[in-house]
Amino acid sequence: MRLRFTKMHGLGNDFVVFDAIHQDVKLSREQCRFLADRHFGVGCDQILLVERPTVADADFRYRIFNADGGEVEQCGNGARCFVRFVHDKGLTDKKQIRVETKAGIIVPRLEDDGQVTVDMGVPRFEPKEIPFLTDKRASTYLLSVGAKIVEVSVLSMGNPHAVQVVDQVETAPVAHDGPLIEHHPSFPNRVNAGFMEVVSRDHIRLRVWERGAGETLACGTGACAAVVAGITRGLLAHRVRVATRGGELTVRWAGDNHHVFMTGPAVTVFEGEIEL
Ligand SMILES: N[C@@H](CCC[C@H](N)C(=O)O)C(=O)O
């Protein structure tokens, strides 16, 4: 089959996006891996499908596949690109849309300045039953990672995250420890591993080893998880600038059962067609 796609990115976290409303798009794991391959395919961290919703209270359905071909629950940078895509393609003229994901409904909004704010929902502190709970209130755990013991905050932004605080993010052992945390036996569904340097109460630097994709230039749900972890640990204010290798996001969270809001850019790089 020959499919049209759009190459997009949110802070360098890059995507191949398909309109699966006007074309029949069914991707196998191998086809996702081929599309994501930076040498033999198009190259991307995730593949995004824009589909008709299957529930009454949503405008679209948004499906996400990691570079390894696994379908996942949520993707924050992708959600911003999703909004830009449906607007650019004339699929809607609503500024605020309701989007069905595997993790429930999210509500992105296209701002007047072209940035996108996404209501990412309420963070959940789960899984609750993993060994070595150290601080129940802050939901932190001790994990043995290689020869070290690392304290991580474990939470879900629809998808799973384990976030640790490091002194200097640029020298953090992301490539070494990231895969060990991703595949740690405490996380049977694997996990995204965040490394956060707290610069001040309203500014962090962040690198994320993503489940199924490796280190990316930015991770939207990772940014939300890091800010929630930092606030829960008493380290951060309620509005935080998150600096990633690909650029900057703003994340807001008022705590408890409040929703997390993430604001940042969404960029189209090129349009293409590929034979699968
Ligand atoms: N890049 C993403 C997250 C994509 C999914 C993640 N790798 C997972 O497996 O949960 C983002 O911007 O949030």
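Trainee: Two residues are in contact if their C-beta atoms, placed from the backbone, lie within 7 Å. On that basis, how many residues of domain 1 touch domain 2?

Mentor: In this predicted model, 20 residues of domain 1 are in contact with 20 residues of domain 2.

Trainee: What does H2 give to the domain 1 side?

Mentor: H2 contributes 3 residues to the side of domain 1 that touches domain 2, the most of any element there.

Trainee: And how does that side split by class?

Mentor: The side of domain 1 facing domain 2 has 11 polar, 6 nonpolar and 3 charged residues.

Trainee: Where are the domain bounds?

Mentor: Domain 1 covers 2-119 + 265-275, and domain 2 covers 133-258. Their C-alpha centres are 24 Å apart.

Trainee: Switching to the ligand. Why does it lie between the domains?

Mentor: Because domain 1 and domain 2 both supply residues to the shell around the ligand.

Trainee: Which residues come nearest?

Mentor: Of the 20 residues around the ligand, the nearest are Asn77, Asn159, Arg211, Gly220 and Thr221.

Trainee: Which helices supply at least two shell residues each?

Mentor: Helix H2 (76-88) and helix H4 (220-232).

Trainee: What classes are in the shell?

Mentor: The shell around the ligand has 13 polar residues, 4 nonpolar and 3 charged.

Trainee: Back to those two helices. At what angle do H2 and H4 cross?

Mentor: The axes of H2 and H4 cross at roughly 125° and come within 4 Å. H2 and H4 are therefore oblique to each other.

Trainee: Which residues make the contact?

Mentor: H2 uses Gly76, Asn77 and Ala79, while H4 uses Gly220, Thr221, Ala223 and Cys224. By class, the contact of H2 with H4 has 4 polar residues, 3 nonpolar and no charged.

Trainee: Last topic, confidence. What is the mean pLDDT of the chain?

Mentor: The mean pLDDT is 95, with 96% of the chain's residues at 70 or more. For the complex, the predictor gives an ipTM of 0.99 and a pTM of 0.96.

Notes:
Residues are numbered from 1 along each chain as its sequence is written. This is a predicted model: local features need pLDDT of at least 70, side-chain atom pairs count only at pLDDT 80 or more; totals for chains, interfaces and linings use all residues. A residue is near a molecule or strand if its C-beta atom, placed from the backbone, lies within 6 Å of it. Ala, Val, Leu, Ile, Met, Phe, Trp, Tyr, Cys and Pro count as nonpolar, Asp, Glu, Lys and Arg as charged, and the others, Gly among them, as polar. Domain bounds come from an automatic or database domain assignment. pLDDT is the predictor's confidence in each residue, from 0 to 100. Axes are lines fitted to C-alpha atoms, for helices over the stretch in contact, and angles run from 0 to 180 degrees between N-to-C directions. Angles under 35 degrees count as roughly parallel, over 145 as roughly antiparallel, 65 to 115 as roughly perpendicular and the rest as oblique.
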